[in-house]
Amino acid sequence: MKILAIDSSGLVASAAIVEDDVLLAEYTIHHKKTHSQTLLPMIDEIVRMLSIDLAELDAIAVAGGPGSFTGLRIGSATAKGLGFALDKPLIQIPTVDGLAYNLAGCGMLVCPLMDARRNQVYTGLYAFEGYQMHTLIAQCAVGIEEIIEKVNEKERAVTFLGDGAAVYASYIKEHCSVPFTFAPAHLDKQRASAVAALAVEYYRAGRLQDAAAHRPEYLRLSQAERERLAKKSADFTIEIRRMQEGQAEQAAALEAQVFSVPWSAQAFTDALRLDHTLFYTAFVNGNFAGYCGMYLAADEGEITNVAVAPAYRRRQVARSLLAKLFADAAQKGVRRIFLEVRRSNQAAIYLYQKMGFVSSGVRHNFYQDPTEDALVMRCQAGWTADGANSSV
């Protein structure tokens, strides 16, 4: 098994090739040239030095975000181009996961920090059991004060790395209450060798995608997109309603659009006729925009799917649906809420974390088409309807 790995998500450009569990070559540069100038020549040099043909590759791995918008686009375009030209699958590695894997085997918690500007960082929190990485907080874009607060709550020593560690070093020294250290220079930035090592695990688990399906995961909108949405916000009205049986066809049509194994209209109708379910729809300016649902059992609730039509994403529709669901569930005595989400669905994971959920386990190969692990998340202890609404 040969995998070419690329990481251009930050200031560092890096490329590597692994064969099975052996790193054959890595080329990393952190200098003034742009990724468009360096990335392809680096790959060409590695291939030339190894005397291999790109056709020998089994897959191309790429750090898929978050990170620099321009850097991610260059890396993704390069990976997609090679994937199309060579007819090879792609392996998308979450950037923060790849950065954390630089410290595989570390006995401390690992907290990558990538500077996202405006006092925000792309970050996450990880623990290693041997070389097995466990995600405590999935990659997300948050304020530096929020991630340091989360680190302090763990009451364990932590190692910080990434370009944000230097940017926020003074804040960390002043506000981090647990023992901490900073990763050494050879491990504190993105490296394609770490992306490649994780890609081997993904490959063995069958977590592949074709080039056409690959999209970078930015986690937040670009400045131009934020400005465009701000101009449209005055004419954007969200209305949340209890789902009616007559809307089952609309919900099923949206399911088929966004999920690989969708519910049927009859499945929605059957669920709506039960006494222990809550289902809501969202309408934007009168148009069907999304839905969410929950099954109730004693003081627990399990969220089924949360679906938003592509045209209405990143517009607070999902948050509005969940806020209403949380409030009504609390009135029915629900104190704990659970859900499953694909491990690769970083946008949804980030949303759930902002709504008060934390990771509580993994269900291996839970999803099909494609096969993928499910991250199990639960609402934090002490959750209330007021707390949920205040986080929206």
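I'm working on a predicted model, where local features need pLDDT of at least 70, side-chain atom pairs count only at pLDDT 80 or more, and totals for chains, interfaces and linings use all residues. Residues are numbered from 1 along each chain as its sequence is written, and side-chain values use heavy atoms, with hydrogens and water left out.

**Aromatics**

I looked up the ring pairs and got 14 of them. Trp263 and Phe268 make a tilted pair, because their centres are 5.1 Å apart and their planes are at 50°. I then checked burial (buried is under 20% relative accessible area, exposed over 50%, partly exposed in between; 1.4 Å probe, protein chains only). Phe268 is buried at 1%, while Trp263 is partly exposed at 24%. Ring pairs also tie Trp263 and Phe268 into a cluster with Phe279, Tyr291 and Tyr295.

Next I took Phe283 and Phe288: centres 5.7 Å apart and planes at 85°, so I call this pair edge-to-face. Phe283 is buried at 6%, and Phe288 is buried at 16%.

**Charges over rings**

My cut-off here is NZ of Lys or CZ of Arg within 6 Å of the ring centre and within 35 degrees of the ring normal. Phe283 turned up again: the charged end of Arg241 sits over its ring, 3.9 Å from the centre. I also found Arg207 over the face of Tyr202, at 4.0 Å from the ring centre.

Key: Phe/Tyr/Trp six-rings, centres within 6.5 Å; stacked < 30°, edge-to-face > 60°.
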